Amino acid sequence: MSGTAMVELPTKVDLEALRAVLDGRWASVRAEVRDRLGQRRLHPDPEWSTERHRAYITDLMHELARGGHSALGFTAEHGGADDIGGSVHSIQMLAYADLSLMVKAGVQWGLFGGAVQALGTEAHHRDYLPPIMSFELPGCFAMTETGHGSNVAALETTATYDEGSGEFVVHSPTPSARKDYIGNAARDGRLAVVFAQLITQAGRHGVHALLVPIRDAEGRPCPGVTISDCGRKAGLNGVDNGRLMFDSVRVPRAALLDRYGQVAADGSYTSPIENEHRRFFTMLGTLVRGRVSVAGSAASATQSALAIAVRYGQRRRQFEAPGRDGEVVLLDYLAHQRKLLPALAKTYALHFAQEQLVRLLHDTQTGGSSDETAQRELEALAAGMKAVTTWHATHTIQVCRESCGGAGYLTENLLPQLKADTDVFTTFEGDNTVLLQLVAKGLLTEYRDHVGGFDTLEMIKFITEQVVDTIAERTAARSLAQRFRDPEPDDAEWHRELLADRAEHQLAGLARRLRRAGAPGADAFAVFNDAQDHLLAAARAHVDHWVLDGFDAALARCPDEGVVALLGRLRALYALSAIEADRGWFLEHGRLTTAQAKAVTATVNELCQQLRPHADTLVDGFGIPDAWLDAEILRAP
Ligand SMILES: Cc1cc2nc3c(=O)[nH]c(=O)nc-3n(C[C@H](O)[C@H](O)[C@H](O)COP(=O)(O)OP(=O)(O)OC[C@H]3O[C@@H](n4cnc5c(N)ncnc54)[C@H](O)[C@@H]3O)c2cc1C
C-alpha cells in the first residue's frame, strides 16, 4: 500500500475518534439532536391513515420549534442563531429519525423561511421570521406548476401590479399554471411564497416571489384560492403536498419579496440586476441551502440502510463450508462484501464531501460574500452533490434491501420505508439530470459571473469563442504527465490523477464537440442536444473528483493513526470502485492497461477483505441512535 493507505491497520479502531471525524465541525449540533430526540423511536406506525400520519408530523414540528431547532439557520437579529451550517446538520440528523419530519422541517424552515430570509427585506424579516421559526405560521414554497417543474423560468402564474389600488393581482391564467406538489399546502399552510411572472405597466420583469395568504386563522382557504390535495404518495405521507390555484387574488404591494426587484407605488420597476435571466438565476442561487440539505439527508438515509444491512450481514448465516464452524456468516462472502463495502466507502466519501460543501455554504453565506464566481461554484457543487448523493441513496438502499433477503422487504425492518421515502429525492429540489447539466454549464463557462444571464445559445457562443482553448490546453498538459506513471494499483496519488484526468478529458472533449455549434449555419440546439450524454458524463466525472477532495480534507484533519489507516483504505476502495465501474472508459482512452484494469479489480477485492472485520465499527461511526434503527431483524437471536 502507498500513500495514506500504507499506514498499518490495527485490529481495533477507536470508535470515538472515528465518530469525531464523521461529526466534523458541527459535532455539537449533531450531539444536541441525538441527546434531545435519540431516546425515542420516531418512525410512525405504517398502518396509520394519511391524516393521522400528517397530524403526528405536525405535532413533532411544534416540538422541534419549541426546542429551538428551527432558529439555527435564521439571523440573530430576528431571534435566530446565525448558524447556517448547523441548520443543515440538524436537518441531516432528522433524516435519520424520520424522513417525513425532515422534509416537513425542510419545507417550513429551509424553503419557505429560507425564501423569506433570502428574497425579502427588513420588514418581511421582522414581521414573518419569528412566527415562521415558532411554526405559528406554517407556510409553503410554491414554485412548481403542473406545466413546469424543471423549466421554472417559464412559470405561468402572473402577479400584475394595479397602480390604482397599490396591489398585486396574483392569478393562475391556465390549468397548467396550477401550483403542484407543494409541501404544507394540503393541510397546514397559511401563507405561501408564490413564484410568478411580475408584470407592471412597463411590461414583464420575469419570475419574482410574493407572499400570498392561502388560509385564514380557522384554516379555511382564502377568497380566490383553490386548494386541493395531492393525496397518497409512494412515501413521505406525513407531508401534506397540495395544489394551489389563484383567481385574481389581491395582495398589498409590500407582499413582493423585493430584495432583487422593487415596484414603487407608481408602478415603476427597479432592480440591482438588469438582465432578467441573470436576476432570476441569482434569486435561485440564494436558495441553494435546500438542495444542500436534501443531499445531506439522502446521505443520512443511506447510512441508516447500510447500518441495518451490515449488522444483519454479521449475524445471518447461510450454507456450511468445509473447515468452518457452522454456516458461513453472510459478510464473510466476497459477493456480500462487494455489495455493501464499496457502497459504504462511497457513503463515507459523500459524507466527507458533504461536510466540505456545508462549510463552503456556511462560510459563503455567513460572510455575506459578494464574490459571484465563488457563489456560482457553490451552486454547481451543490447541484452535483445533490444529484450524485440522491442517486447513490436510491441505489444503495435497494442493495441493502436485497442484502437482507426477504426480511429486507418487511416493513418492520425499516428498509421499505427508507426506499419509498427517499425515492423522490432524485426529483425534488431539482431533477438530477437537469442539475448535472447545471454543473456542466458551470464547468464549461468556468463559473463566470455574467454567464448567469445567458440563454443556451449565448452560452454555446461564449464557450466556443472564449473557453474551449484554455480547457483543451490544460487537459493536454495533464494527460502527458499521466502517461508516464506506472503506479501500484493502491497508490492514493494515482487514484487522484486518474479521476482528475477523466474529469478534465471529458470536459475538453465536450467543449470541442460544442465548438461545432458556433459554425455558420449550425443548428446550435442540435449540436448541444447530440452531446447531452457526454455533458452528463463530464459533470459526473467532476463530482467524483470533488468527492475525493472531500475525503482527503477529512483525512488531513484526522489526528488518530488507526482511524487514518482505516479511512485510507476506504478512500482507496471508493476511488478504485469508481475507476472499476468506468474501466471501459479508462481502457478506451489508454488511461489503464489491461493488466492495470485487472489489478484494480483484484485490489477492490483485497480492500473488501481488509475492511470486512471493521464493518461494524464503520457503521457504528455514523452515531445513529439505536431507537432510530429499531429493525426487528437486528433484535432476533
Ligand atoms: C413529493 C414532492 C414534493 C415536492 N415539493 C415541492 C414544493 O414544496 N415546492 C415546489 O415548488 N415544488 C415541489 N415539488 C416539485 C419538484 O420540485 C418537481 O417535481 C421537480 O422540480 C421536477 O419537475 P417536474 O415534476 O415538472 O418534472 P419535469 O421537469 O417534467 O421532468 C421530467 C423528466 O424530464 C427530464 N428533463 C426535463 N428537462 C430536461 C432537459 N432539458 N434535458 C433532458 N431531460 C430533461 C427530467 O430529467 C425528468 O426525467 C415536489 C415534488 C414532489 C414529487
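Which residues do ring pairs link into a cluster? Some notes on that and a few other spots.

1. Ground rules. This is a predicted model, with local features needing pLDDT of at least 70, side-chain atom pairs counting only at pLDDT 80 or more, and totals for chains, interfaces and linings using all residues. Residues are numbered from 1 along each chain as its sequence is written, and side-chain values use heavy atoms, with hydrogens and water left out.

2. Aromatics. The cluster is made of Tyr-348, Phe-352, Phe-551 and Phe-622, linked by ring pairs. The structure holds nine aromatic pairs (Phe, Tyr or Trp rings, the six-membered one for Trp, with centres within 6.5 Å).

3. Helix H10. This one covers residues 372–403 (helices are DSSP runs of H or I, at least four residues, and strands are runs of E, at least two, numbered from the N terminus). Since 23 of the 32 residues are buried, H10 is largely enclosed by the rest of the structure (buried is under 20% relative accessible area, 1.4 Å probe, protein chains only).

4. Ends of H10. At the start, a side-chain oxygen of Asp-371 comes to within 3.0 Å of the backbone nitrogen of Thr-373. After the helix comes Gly-405, with a positive phi near 60 degrees.

5. The sheet. Three strands make an open, antiparallel sheet in the order E4-E8-E7 (pairing takes at least two DSSP bridges). E4 (179–182) and E7 (225–229) are the edge strands, each with a single partner, so one side of each lacks a neighbour in the sheet. Lys-179 has Leu-244 in E8 as its bridge partner.

Methods: Expected span 1.5 Å × (residues − 1). Buried < 20%, exposed > 50% of the residue type's maximum accessible area, 1.4 Å probe, protein only. Polar contact = N/O pair within 3.5 Å; in protein donor to acceptor, adjacent residues only side chain to side chain. Phe/Tyr/Trp six-rings, centres within 6.5 Å; stacked < 30°, edge-to-face > 60°.
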